[in-house]
Amino acid sequence: MGSGTGVNEAERTSDQGRLTRAKRNAVAELLRISPIADELAARFADRGHRLYLVGGSVRDALLGRLSPDLDFTTDARPQQVQRVLAGWAEAVWDTGIEFGTVGAARHGNTLEITTFRAESYDRVRRHPEVAFGDTIEGDLVRRDFTVNAMAIELSTKTFVDPHNGLEALAQRTLDTPATPEESFADDPLRMLRAARFVAQLGFEPAPRVVAAMTDMSGEIARITAERVQAELSKLLLGIAPRRGIELMVDTGLADQVLPEVPGMRLAIDEHHQHKDVYQHSLTVLDQAIDLETTHEPKLEPDLVLRLAALLHDIGKPATRRFEPGGGVSFHHHEVVGAKLARKRLRALRYPKDVVSDVSQLVFLHLRFHGYGKGEWTDSAVRRYVTDAGPLLPRLHKLVRADSTTRNKRKAIALQRAYDDLEQRIARIEQEEDLARVRPDLDGNEIMRILGIEPGPLVGKAWKHLKEVRLDRGPLEHDEAVAELRSWAAEQGIEPPR
């Protein structure tokens, strides 16, 4: 009994410490933005209106990470807000005015000011039927989570927290102001946002939130692919995307949004042991994140690398074969996986370059395993570099992250083999310009030597010479001409003398 009491006391002490830090953070952050906030609050007060810092801005202030993008709410109607901002803001825009939001910019800050809302949802489509409210309490109860349902009245610096958001923030708990069923029925995207906050902020969802997500996961189908993709990308770019993905899978949300990921949970029987593909992929994701800043000082999280790490083995379920003797094979899973990744990312409306890059990384991730003990020829190394192109730094990280074996000797051998490959790439790059592998003769020279006009035949000759270049490295000019003439003879072409 004493032990349990001690744990509870420790938890209370820890929560109290986080509360104290949160309050200090909020004071410091408010002082930092006070020139903007105080000026704006005074302008609203002069016209008989109240202005509140609200939602994510209050949460981030309490966490000590307030950005220049500030969210406010007010009892003033949108047209009144526009009049308040006139002559003060450096720019004003009304793209969200039908939902009660007016945007503005001043001194490097982006401000969004939204009239108190009391809208209702038809629970068929995402968009609310907008109705303006008259109280801050009515506005806060319609927000997604209690940690986003806090406000600060800026004229008096009064803290408004009717749903105990500060306590939830201290405990790192994600809960809803209304019941989660009511909140998610109003806007199913909030379920995916819950997973995103778990990944971004390290919060734990309340049990009732998890239960509602599980019961209502199918409702996410009401949300457009573009909005789902935006939330999924934010989740993957968070500090702990694995936790967000696990919540999506555990609640069934991933079955609706990214079904290939839970599809990697392959049944493993006692006679056909193999690595759990789903857990392996999550570990690869973690390890890829750890490697993000190697090779290049990239400070921002890498969405393409993280997507490729998560999806690199999604072709395995479709290619699994049980072999004689109890083995399991996944032949050509990289080919199938690349196609599946391309199809899923297109369905989620990802940009073309993201779709192309991720699917190419999935396709190439297994290539290294043919490297063995370093018996690749220089030609094979050139092809590896050429096929990867600008994705080579990401491919290095993905391949290294893909080693999750618990056999230390095997893990060390794999890493040493890849070290050797990278060293060979560096050596060949010093000797040859691998980043710009071209045939030793350009198109004009090919046409002149063969006596042909522009057309498909020039492209075929160019491609042949590039293959020779990859196989044999740079050729002397006379060697390249002789190779071209030899190829032309095989094609039945008689070049002029």
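A residue counts as buried when its relative accessible area is under 20%, as exposed when that area is over 50%, and as partly exposed in between, using a 1.4 Å probe and protein chains only.

First, a word on the model. This is a predicted model, in which local features need pLDDT of at least 70 and side-chain atom pairs count only at pLDDT 80 or more, while totals for chains, interfaces and linings use all residues. Residues are numbered from 1 along each chain as its sequence is written, and side-chain values use heavy atoms, leaving out hydrogens and water.

**The chain as a whole**

The protein chain has 22 helices and 13 strands; these are DSSP runs numbered from the N terminus, with helices (H or I) of at least four residues and strands (E) of at least two. Of its 497 residues, 50% are buried.

**The cores**

In soluble globular proteins, nonpolar side chains tend to be buried together. A nonpolar core here is a set of buried Ala, Val, Leu, Ile, Met, Phe, Trp, Tyr and Cys residues joined through side-chain atoms within 4.5 Å. The largest one holds 118 residues, and Met248 and Tyr384 have the most contacts inside it. Helix α1 (residues 2-46) gives the most to this core, with ten residues. Another core, of 17 residues, lies apart from it and includes Met447 and Ile493.

What does Tyr384 touch, leaving aside residues up to four places away in sequence? Its partners include Phe368, Trp376, Leu392, Tyr418 and Ile425, where contact means heavy atoms within 4.5 Å.

**Rings that pair**

The structure holds four aromatic pairs. Rings of Phe, Tyr and Trp (its six-membered ring) pair if their centres lie within 6.5 Å; planes under 30 degrees apart count as stacked, over 60 as edge-to-face and the rest as tilted.

| Pair | Centre to centre | Angle between planes | Kind |
|---|---|---|---|
| Tyr52 and Phe116 | 5.9 Å | 50 degrees | tilted |
| Phe368 and Tyr418 | 4.7 Å | 70 degrees | edge-to-face |

Tyr52 lies in strand β1 (residues 51-54) and Phe116 in the loop between β5 (109-115) and β6 (120-121), so their pair ties together parts 64 residues apart in sequence. Tyr52 is buried, with a relative accessible area of 5%, and Phe116 is buried at 0%.

As for the other pair, Phe368 sits in the loop between α16 (352-364) and α17 (378-388), and Tyr418 in helix α19 (residues 408-431), 50 residues apart.
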